Amino acid sequence: MGRSRRTIPEELLLLALDPATGTTAQPQSLDLGLAGAQLVELALAGRIAPDGDRIAVVMPRPTGDPTLDSALELLRRRGSPVRAVHWIGGPRLGLRQIYLSHLERCGMVHAVAGQMCGVLPTTRYQATDTAISRDIRARLDSAIRTGVPPDPRTAALAALAHAVGLGKHLYPGNEGRSSRSRLRDLIRHDPMGGLVAHAVMDVQNGVAAQPRRSPAATGQGGGGRPPARTARAAATDPGGVPMQPRRGAGAMARAVAH
């Protein structure tokens with residue numbers, strides 16, 4: 001995989017990076033989003049594919065991107081398809097920092113050392129080329145404004161931005177409410193992005209996706225009504241926009257700590 005194209009994890013992190021403070025918005029959920037973004041990027045590269053609510057490796061050949069190849073190898077070692085919600089909810093040791101260092105090596109950001117309260121060392125990250133961030137944001141704005149179905153990469157990026165709660169960072173306040181709603185709606189334009197984004201939201205809400213059942217197994221015909229949710233009430237995203245319901249969700253067997 002060449003470096004002529006930015007990956008979705010890189011773009012998601014650049015979207016979350018605040019140019020004024022050098023910090024990232026939604027840091028806790030962002031690690032989940034980056035794990036999900038890796039899955040989408042690997043799917044676009046033809047290395048993995050969705051299998052119901054699971055992820056299956058279909059081509060183990062490395063992409064040439066070290067961070068993606070590390071995730072691909074871990075998936076390959078599983079030996080069988082893994083549920084997206086379990087993969088994303090697994091241990092994520094410093095994934096955000098790994099990508100920040102990756103962006104620094106690629107020359108997209110530079111680290112600025114500082115101190116908190118004059119004692120604790122801190123590191124902020126400033127974009128080296130703000131045109132890159134503006135281009136990413138312009139793609140989202142265009143998809144929201146025009147209503148034209150976006151390309152799969154932009155649709156997946158929008159789905160993940162919504163899932164990790166970047167809507168209120170990108171489109172703040174009451175004036176941004178309609179944009180946040182349309183950002184959420186873009187989730188339907190990419191099946192893989194939608195699967196992963198819903199898995200990210202399920203982990204945050206303490207919900208584990210159950211295996212999908214066929215209409216025959218549930219007694220539901222092609223024109224029947226969808227099964228009712230049994231595990232959680234409707235939730236809202238951090239920006240105040242109702243999340244889309246998930247089918248067949250049940251309570252997690254354990255809490256996921258980050």
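Mentor: Let us begin with Glu 11, which is buried, with a relative accessible area of 3%; buried means under 20% relative accessible area, exposed over 50%, and partly exposed in between, using a 1.4 Å probe and protein chains only. Please keep in mind that this is a predicted model, in which local features need pLDDT of at least 70 and side-chain atom pairs count only at pLDDT 80 or more, while totals for chains, interfaces and linings use all residues. Residues are numbered from 1 along each chain as its sequence is written, and side-chain values use heavy atoms, with hydrogens and water left out.

Trainee: Where is the place of Glu 11?

Mentor: Glu 11 is in helix α1, where helices (H or I, at least four residues) and strands (E, at least two) are DSSP runs numbered from the N terminus.

Trainee: And which residues is Glu 11 in contact with, leaving aside its neighbours within four places in sequence?

Mentor: Those are Arg 6, Ile 136, Arg 139 and Leu 157, with contact taken as heavy atoms within 4.5 Å. With Arg 139, the side chain of Glu 11 forms a salt bridge at 2.8 Å, N to O, a salt bridge being a side-chain nitrogen of Lys or Arg within 4 Å of a carboxyl oxygen of Asp or Glu. This pair links distant parts of the chain, since Glu 11 is in helix α1 and Arg 139 in helix α6, 128 residues apart.

Trainee: Which residues are linked in a network of salt bridges?

Mentor: Arg 6, Glu 11, Asp 135 and Arg 139 are linked in that way. Within the group, Asp 135 bridges to Arg 6, with the closest N and O atoms 2.9 Å apart. Asp 135 lies in helix α6 (residues 130–146) and Arg 6 in the segment before α1 (8–16), so this pair ties together parts that are 129 residues apart in sequence.

Trainee: How many salt bridges does the structure hold?

Mentor: The structure holds nine salt bridges. One of them joins Arg 96 to Asp 31, with the closest N and O atoms 3.8 Å apart. Here Arg 96 is in helix α5 (residues 95–105) and Asp 31 in helix α2 (residues 27–44), 65 residues apart.

Trainee: Back to α6, then: which of its residues are buried?

Mentor: In α6, the buried residues are Ile 132, Ile 136, Leu 140, Ala 143 and Ile 144. Seen down the axis of α6, they fall within an arc of 115°, so they line one face of the helix; the arc is that of the directions from the helix axis to the C-beta atoms. On the other side of α6, Arg 134 and Arg 145 are exposed.

Trainee: What covers the buried residues of α6?

Mentor: The cover includes α1, α7, α8 and α9.

Trainee: Switching to α9, which of its residues are buried?

Mentor: In α9 (residues 177–185), they are Ser 179, Arg 180, Leu 183 and Arg 184. These cover an arc of only 145° around the axis, which puts them on the same side of α9, and they pack against α6, α7 (152–163) and α8 (167–170).

Trainee: Last topic: how many bridges join strand β1 to strand β2?

Mentor: Four bridges join β1 (residues 48–51) to β2 (residues 54–57), and the two strands run antiparallel; two strands pair if DSSP finds at least two bridges between them. The bridge partner of Ile 48 in β2 is Val 57. The hairpin has two residues between the strands, and Gly 52 takes a positive phi near 65° there.
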